[in-house]
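Subject: Structure handover, aromatic rings

Hello,

I am passing a structure on to you. Please look at it first, then read the notes under it.

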Amino acid sequence: METMQSRCVSWNSIFRVIAISLIGSLFLPIVHGQEGDTLQSLLQKASAAFQSGQYESAAMLFDSIEEQFVEEEEYRAVALQKILLPMRAYSLLRVDRAGEAAAFFELFLENYPLEAEKRNFVRFHLAQAYEQTDDADKAIVAYQQFEAENKGRPEASLAALRRADLLRFTGRVDESIQLYNEIYAGGTPLGVRRQARLRALQATIAAGHLDLSRDILLNTPWRVETMPELAQLAFSAHGVGDQLLAESRYAEATRCYRLVPPKNVLIKKQIERLRDTRAALRNSTRLTAEPGKALWREYYTNLAQKLEEDLQSLQDSPDYTSGFFLRYGQSLLLGDRGEEAWLVFQTLAENPEVENSLRVEAHYRWILAARALSLWNETLEIAQSFQRRHPESPLVTQVIFLVAEAYKELRDYERAATLLGTLIDQYPKHPQLPRWVFTRGFYYTLISRYPSAREDFQQCLESGPPDRLGEEARLWHALSWFFEKNYPIAVDELVALGKSLKHSPLQPDVVYWLASTLYSQKEFDSALEHLDLYFKKYPGHRRVAEASVLRGDILMGQGELLGAAVAFSKVTPEAGRLFPYATFQTGKIYRAMEEFERMASHFENYLTRTDLPANSRKSEALYWTGWAYEQLGRIESAFPVFTEALVSHGNDPAATDIQLILKSLHRLHNKRFPASEKPAESFSLWLSNEIKSTQTDGKITYHSRLNLYLADLYEKENRFEEANALMMETIRNAPLDSLGAEFLGWAGLLLGDLEFPSAKDYFEALVERFPERPERGMGYYGLAKQRFKNKRPEQALPWLEKLADELPAHPLAADATLLQGKVLAELGKPHEAIARFEALLKIKMARGRLHAEALLGIARSYRLLNEPEKAIGYYQRIFTVYRAYTVLVSESYLQSAELFEEINNLRAARDTLEEFLDNPGLGQPEQRSLARAEIARLESLLKMEQTEVTMEISQP
């Protein structure tokens, strides 16, 4: 704690002026009149010592004068005592004889209360004397009296500041803070106000009043460019920022940290402030002997001395900069200011002058910043550089885990799981092992490797005592059966889990998932019972919106449309993407009930909301609004709705149902403006003008959608070359990121059919940018088809499985099933391939070419199984039922003939080839030539066979 002695204000210059002006004038005749140790000579010596600042000598001389002349009338004269008492008291004060000084100051005030000017100085010094004798209460009273007597004068603020300091150092912190604030709020000079504010801040910090410290620090307009006490402010802000960071008040911590410069900058600025203060002190030496002016000179003297001490302490202290910036970056990161945090951590991590341990920590947090910004490729790069630079760091395991997480966010679940496997193998005794194993199991569920996932969940359960992670592992073990569509086992495990976790935070999840599993198992009544239990016991649970949607879907499936609508109405915008889903499900209900007026009103109300989530499907809502009006026969109301949808959302790549809207406009155009009546209003002319307009305006997305619609019209008119040319022209001119989901899908399929490698780019863009749109099925199918064509069937299968699991009703589902059968056959799994082909044959909508190809796939599979008779049967079904598909029929004839020969039925082989040749529309010229040659060879074999038979019969 600062001592009272160190807080004493030196007023020697003030009394030096007083001594010159008063003593000189009073004793000048006496000094000239006598020599020697007379009263006059001693007073002259004492005065000279006092003027030169030799207070020890002055005090001794004043003592000697009193000892020798105390009885002299001349010594006791009032005129002399008025001057002598303050000088003697002040000299004693300066030589640490504060008690005696106080006595003389008190004597002066008692005897000469009307000496206003000297009384102010005496009162102030008396308070100083009380401070030095540790009599704080008297000092406080003395300062308070000084303030009262000098009210309205700037010097009163100095006494108030000293009084506040005394209150603070004697434990009366709250009173001191109040007084500091009064000084700051008063009309005192800026320097004193700033001192008061800074000391109030330091007092609140010392007293642990964090909120008060925060308020003072953040609500004060600190003039850091001019204030001398910059170091004190910086360290105060540093401390408050650290406390706020520890309490997770990140935004406030960041604001505090912004007041803290690096140490080298702070030293430079502190030197500048000291230089400015010394200059102010030099200017103050030219001030007159007016008491107030002298007070300010002493103020600057003490301030300069304090700044020198602060500067020396700052220069001698360790460099706080790197550690401080690490915490500053953390406050930015946790306060959702990832970009700024990134820069702070990167600067530290790449600065070779920073201590290695801090660079390692900064590099790790740099990864976290990239992760917080969802910049997953950058996360990978930064993490990989961490592993190269700091391979021995204990943080390496956490970094590898973050890399795995980055791969997960990039949807590369296989690589994420593989990386975790490496982590698990290399650190089998690490305390985080159960978490790693659980996370790998979770990744396995994302790539449908459910048996592997269950192994990990089971290992997680066996790796330690039961805890929350173990409970989650049991839940996900059950859910893996659910995702695998093995609902009976999932139900059994969830029921058992629910009984053992009655008081667990996971219990609501168990009830919800049990209801969901029962729904998937088509046990709707039981699912509703569990949902009712869920709503009753866990009304505030995080899955309430999902449960409401599930209840709505169940009731909707059971035909209880009004009950379903009520369930969907309980889903609010806070539920995110579930809110649009519930809204559109309600729209379906009104459509099924043919409540078209209500349907239109429902979607119009939805469109006027201001609290919709990001993916609110507005263009789709406009489509259904217009559609409802069309059903009502209100074409004039429907038309502007569709038009608004195109104007507002046509150029938005994320917008949905644009092709349906164009189709509706086409239909409405034909109704409003029959071509025979108003050809100038025809849809074809509107479409042509719109295409030109969007090209001129640079609306690339909308332009591509219009071209896609036009290409579809060309195909319906069998103008396939024009359709493909239009699509290819659009593909050449439109950047990938400007295209909507539907165009990406169709463009990818076209490029794939034409065997352009760039098809892959379109499919990948579709899957990555539109992971929840049904059009992604084209991406799944296209990527699988490409991999199959490139002889990588094992990479094709996961995409086909995703399409089957996520979009079983997709228009390409049948094609995908056919391709899945071919992939399985290529992978040497003919039994599984046959199962897929058989499943395709059960799809009535897939009749025709797809059924014919499925039969061909089954035949090929049986041939792989070395079951030629079964294979022949399926080949025969093809050329019996599907003769329109000449390529398939040709192969079936040729393969059947080959198989007949394998089972030694040469006649059937020959007959099959002859039947093939009897149909002039079958086969390529080379195939037909080969068939003729084979028939000749078979005829020869048959003759030889007949000869052998004849010879055998003729034998006796």
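The notes below cover aromatic pairs and charges over rings.

This is a predicted model, in which local features need pLDDT of at least 70, side-chain atom pairs count only at pLDDT 80 or more, and totals for chains, interfaces and linings use all residues. Residues are numbered from 1 along each chain as its sequence is written, and side-chain values use heavy atoms, with hydrogens and water left out.

Searching the whole structure gives 40 aromatic pairs. Rings of Phe, Tyr and Trp (its six-membered ring) pair if their centres lie within 6.5 Å; planes under 30 degrees apart count as stacked, over 60 as edge-to-face and the rest as tilted.

One of the pairs is Y623 with W624, which is edge-to-face at 4.9 Å centre to centre and 70 degrees between the planes. W624 also pairs with W627: the centres are 5.3 Å apart and the planes at 75 degrees, so this pair is edge-to-face. W624 and W627 are three residues apart in helix α32 (residues 618–631), or about one helical turn; helices are DSSP runs of H or I, at least four residues, numbered from the N terminus.

Y623 is buried at 7% relative accessible area, and W624 is buried at 16%. W627 is buried too. Buried means under 20% relative accessible area, exposed over 50%, partly exposed in between (1.4 Å probe, protein chains only).

Elsewhere, ring pairs link a cluster whose members include F442, W476, Y512 and Y538.

Two arginines lie over ring faces: R454 over W481, at 3.4 Å from the ring centre, and R928 over F916, at 5.8 Å. The criterion is NZ of Lys or CZ of Arg within 6 Å of the ring centre and within 35 degrees of the ring normal.

Regards

Note on methods:
Helices (H or I, at least four residues) and strands (E, at least two) are DSSP runs, numbered from the N terminus.
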